[in-house]
Amino acid sequence: QEAGEFRVEFDSYDDRAEVRDAVEQGDATAGLVDDTLFTSSQADGTFPVLVAQAVVALETSTRLSEAGLTPVQVARVQDVQPPEQVPVSQVADEGRAGVGFAVGIVLYLALAFAGSAISTTVAMEKSTRISEVLLAVLRPSQALVGTVLAVGAVTLLQLIVLAVPTAVAVRLTDAIGLPAVATGDLALALVWFVLGFALYAFLFAASAALVDKITEANSATLPVMTVLIVAYLLSVTMVAADPSSVVSVVASIFPLTAPVSMPIRWASGDVPVYQLVAAMVLTALTAVVLVRLAAAIYSRALLITGRRARWREVLR
């Protein structure tokens, strides 16, 4: 049988026991005796299924002929085709969703990298007393914003350098087979990076301002990093698996998780525009509030030296 990519050989045996023994010993793949089909548990199951289908088709043809149908009518009955199989998924475009998944991971890594760089820089400025020199000519809020923008500009430039060639490659769909629509998703990812950066960067900076030694920066920013990790895990598990679930909708709109969750959910192709706009507005407003709060914490924490400041002290 060329269609099935196998060759069929027939052997005859005298009785039922010999047929069973032949299958047990591996001399035959399948053995048919009356209405019983013996099959080997070690062999591929494709051929026995075809034998069973052939037996059913032959018996059906015989019974239809006995019922009075002509050969043409029998052939028409047996010519019934199975329904067409159309694979479906929870996303409108699997390729685009894959790009969105990658964008979410890149955003998480970019925010984590930028946050680490910001916290290290702020902690170094305070531990080396550079911040005292800056405060002689700048207000605390200006010094904080300047540090954040400097590190953010470098990180954003690195992201653009990586994103632009990727966007160009995505456009060459004939060459690499990626969806062209993903270029828009990459552009949207840059917008979310700016929003997410504004949201988390000042939290990292304010946390690092509490320390007295640069070695304490990682432990001081651990709560902020924990929130970012939870947002990432939530996005790549629940949002990517079911973009239309209640948890996915909430995660893509809630400001602390939206920068990572919304790009993944948006790439699924099933996000109303109003939800995208609402997520952006809420994230932007939250970022403004956090910038003001971080500036206040930063200015108060710089006055505490010789030991690590506590959140209760700077928030009082």
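A residue counts as buried under 20% relative accessible area, as exposed over 50%, and as partly exposed in between. This is a predicted model.

**Helix α13 surface.** V277 has 43% relative accessibility, so V277 counts as partly exposed. V277 sits in helix α13, residues 273-301.

S119 belongs to helix α4, which covers residues 94-127. Its relative accessible area is 1%, so S119 is buried. A polar atom of the S119 side chain lies 2.9 Å from the backbone oxygen of S116. Leaving aside residues up to four places away in sequence, S119 touches F204, A208, A217 and T221.

The two accessibility values are listed here.

| Residue | Relative accessibility | Class |
|---|---|---|
| V277 | 43% | partly exposed |
| S119 | 1% | buried |

**The β1-β2 hairpin.** Strands β1 and β2 form a hairpin with 2 residues between them. In the turn, D34 has a positive phi of about 55°. The strands run antiparallel, and 4 bridges join β1 to β2, residues 36-39. V33 has T36 of β2 as its bridge partner.

Which residues of β1 make up its covered face, and which its uncovered one? G31 and V33 form the covered face of β1, residues 30-33. A30 and L32 form the uncovered face. In a regular strand, side chains alternate between the two faces of the sheet.

Conventions. Residues are numbered from 1 along each chain as its sequence is written. This is a predicted model: local features need pLDDT of at least 70, side-chain atom pairs count only at pLDDT 80 or more; totals for chains, interfaces and linings use all residues. Side-chain values use heavy atoms; hydrogens and water are left out. Buried means under 20% relative accessible area, exposed over 50%, partly exposed in between (1.4 Å probe, protein chains only). Two strands pair if DSSP finds at least two bridges between them. A polar contact is a pair of N or O atoms within 3.5 Å; within protein, one must be able to donate a hydrogen and the other to accept it, and residues adjacent in sequence count only if both atoms are side-chain atoms. Contact means heavy atoms within 4.5 Å.
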